[in-house]
Each structure stands twice: as structure tokens, then as C-alpha cells.
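Hi everyone, thanks for coming along. Let me put the structure up on the screen, and then I'll walk you through a few things in it.

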Amino acid sequence: MAITKEDILKALSYVEEPDLGKDLVTLNMIEDVEVNGKNVSFTVILTTPACPLKDLIRNACVTAIHTMVDKEAEVTVNMTSRVTSGRGDTSEVLRGVKNIIAVASGKGGVGKSTVTSNLAIALAESGARVGLIDADISGPSIPTMFGVEDERPRMIQGDHGKNYIVPVEKYGIKMMSIGFLTPADGAIVWRGPMASSALRQFISDVEWGELDYLLLDLPPGTSDIHLTMVQALPVTGAVIVTTPQKVALADAMKGLQMFRQPQINVPVLGVVENMAYFTPAELPENKYYIFGEGGGKELADKYNVALLGQVPLVQGIRESGDTGTPVVLQNDSPASGVFRELAQSVAQQVSLRNATMAKTKPVEIKS
């Protein structure tokens, strides 16, 4: 009997999206089904280009067709993506941005900006459109991480005559930082309201365009900046960065708890354990836990969130950040693979959050 489109869709209705727990047909992830004799083709619409289960889903589709339709069918599975969004607000603020991810630590010096920079580039390399706001007003480091300390954003005129800042772009990342607007050797001594005002400008006065992910590199602590962010933006979720060290975990715990306060209620996507272990180049099988072992996993387990990744303590990560070429760009470095896996984990958690949780709206905080 001739193969029909209905046969194909019926077979694919038995293929489950592992994270979401429903079949591809019910989730409307199958499009463009074509049948020509024994040649079958269709497109699977993934929820993110960084999907770590891409090959698993492809193989399951082929197996379903061969098992339930025709074992001799020539199956072509085209994989593409349409990033989901958890936004529920109808405001004009960053309307073209699908997901806003806050990267926080609670404590300085744990490598949060390094993690954010490499995560942003890894997401962009997967095919996503990515932006990055350096929300650390008093200690901006993103310009250094990307080697754009001397760049200055230009202005354009938008609708109704309003002027907008065009973000600096490098490695496929659109970015904005106070470091682009002030002298590199000048100290920024501002009270909280001034810093919050600068962040609001980065949100409303910058031409971000269409983005799949906008990352916010937050300052240490739980301050005015953090409250301004959740009040001004519908934050999709937060990523907590820590080292395994006890003193870092204590502050990371406070940062995590801030997002979980009832009046804020921002989903925590998971924990990144940075500087998790040290492996000497001459002894690649050895691991030395300089800052302690397993602290990030303990934090993730305690609050029932994902351990998104464990980033090793590698000299090349520091060197590449200092030279403005984040290590994820270096394919010969083992650390680059760690950050790509981290990007897959974050994208996976965002997709899961958007499918299973309520839409995100800016937070209304009453003083």
C-alpha cells in the first residue's frame, strides 16, 4: 500500500519529546510532511537550536517510520528550531526578546562574568540570537571579556523621533555595558537609584531587535539592581553561579533564595559550579578539588534545581577572558566543550520552564 501523510503523522505520534513528556504531533513539532513513493521527508521543530536531544529525537523518528509504516522507506528528517517564550506581559519593553535570563552569584569573584560570556557565545554558535546586558554598573567586565573596551555604541533615531543606542556586537552577541560609556580607568561611584536608572536605560533605550535569549550579568549581592531588573523585565529564569567553596555557597544560597521569595518568584533554572576541579595538562586523568568537592551539586539538590554544569579551573579560561577571546571559541580546549554542554543544559531548562510553568510578567514589589 502507498504511504500517506496520515501514516507518517500516526507513527510520529508515538515519538515522545523526552523533556516535555508528550509526543511530537501533539506538541505541533512536525511540519512539512512530504511523501513521494517510498521517499518520506518532514521537519521537526525543536524548542531551541541548542537542544541536546537532537540526535535522539531524529533517530526515534526514523525508527518509528521503519517500524510502523514501511521498513524500506527512505526517511529524511529536517531539524530546525523555533525558540519558545515564557513571556506573558503585553508591554512594549523588549517585545522582540523571547527569553530573559538572569545570571547571578550572590558573591563576587566566582567567575560569573566568565560563565555568562562563554554561555552567550555557545548559545549563539548553536544558531540562537543572543544579547547580553552587563548589569554590574560599578564593576563592568564584559567589554574586557569580549575585547571591546574601546568600542563606543552609536545612536539611531527610531519611531516618534526617539533616539536609541545600537548595542556593540562581537562574536554574534549584541551587548551593552556602562563600560562603553565611561572611561576605562574611571571609577563609577553612584548611589543605587543612579545605577538602577542606567540599567533601565539599557533595557528601554537600546535597539535590541529580535532575540531568542537576553542574558543579564548581574552584580554580586542582592541589591537595587536586582529589584530593578525583576520590576522592569519579565525574567524567564535565573542561573546561579558558585564555586564549591563553603563561603561562596553561603552567598549563592542567598542569591537563589532571593529569586524564590514570594513577591519575586522568578524560576531558578539551575546552578553552575565554576572552578569545580583542577586537572593539570600533564596529568589529564587527575582531578584536584582545590575549592572543595560537590558543593554546587549539594546546592542544586537542596533546592531541587538542575546542576547545569561543572566548569573546571583551567588557566586557558582566565587567559582567554583577559585577551577578549572567550575560551568557548577555541575548539582545541576541553573547556570549550564544557561551555557548549552548559549552553545545551540552559536552553533545555528554558524550554522545559516555558512548557510547564506560568507565563512570566514583571514583578510588582510594594515597599
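**Salt bridges and cores**

By salt bridge I mean a side-chain nitrogen of Lys or Arg within 4 Å of a carboxyl oxygen of Asp or Glu. About one helical turn separates K297 and D301, because they sit four residues apart in helix α8. When I say helix or strand, I mean DSSP runs, numbered from the N terminus: H or I over at least four residues for helices, E over at least two for strands.

Before I go on, two words on where this comes from. It's a predicted model, so local features need pLDDT of at least 70 and side-chain atom pairs count only at pLDDT 80 or more, while totals for chains, interfaces and linings use all residues. Residues are numbered from 1 along each chain as its sequence is written, and side-chain values use heavy atoms, with hydrogens and water left out.

Back to our pair: are they buried or exposed? K297 is partly exposed, at 44% relative accessibility, and D301 is partly exposed too, at 48%. The cut-offs are under 20% relative accessible area for buried, over 50% for exposed, and partly exposed in between, with a 1.4 Å probe and protein chains only.

Another one is R82 with E31, at 3.3 Å from N to O. That pair links distant parts of the chain, 51 residues apart: R82 is in the loop between β5 (74–81) and β6 (97–104), and E31 is in strand β3 (residues 30–36). R82 is partly exposed at 44%, and E31 is partly exposed at 28%.

Then there's R340 with E125, at 3.4 Å, N to O. R340 is in helix α10 and E125 is in helix α3 (residues 112–125), so this bridge ties together parts 215 residues apart in sequence.

Now for the inside. In soluble globular proteins, nonpolar side chains tend to be buried together. Here, the largest nonpolar core has 87 residues, and M229 and F259 have the most contacts inside it. A nonpolar core, by the way, is a set of buried Ala, Val, Leu, Ile, Met, Phe, Trp, Tyr and Cys residues joined through side-chain atoms within 4.5 Å. Which helix gives the most to this core? That's α10 (residues 334–356), with eight residues.

Leaving aside neighbours within four places in sequence, F259 is in contact with several residues, including A102, L218, M229 and I264; contact means heavy atoms within 4.5 Å. Apart from the 87-residue core lies another one of 22 residues, among them V15, V44, C51 and A64.

Helix α10 also holds S351, which is buried at 6% relative accessibility. Not counting residues up to four places away in sequence, S351 touches L20, T47, T48 and T84.

Last stop: the UniProt record, an unreviewed entry, puts a feature called "domain: MIP18 family-like" at residues 5–77. Its positions are in the numbering used here, feature names are shortened, and annotations may be inferred rather than shown by experiment. Over residues 5–77, the chain is 32% helix and 32% strand, with the end C-alpha atoms 14 Å apart.
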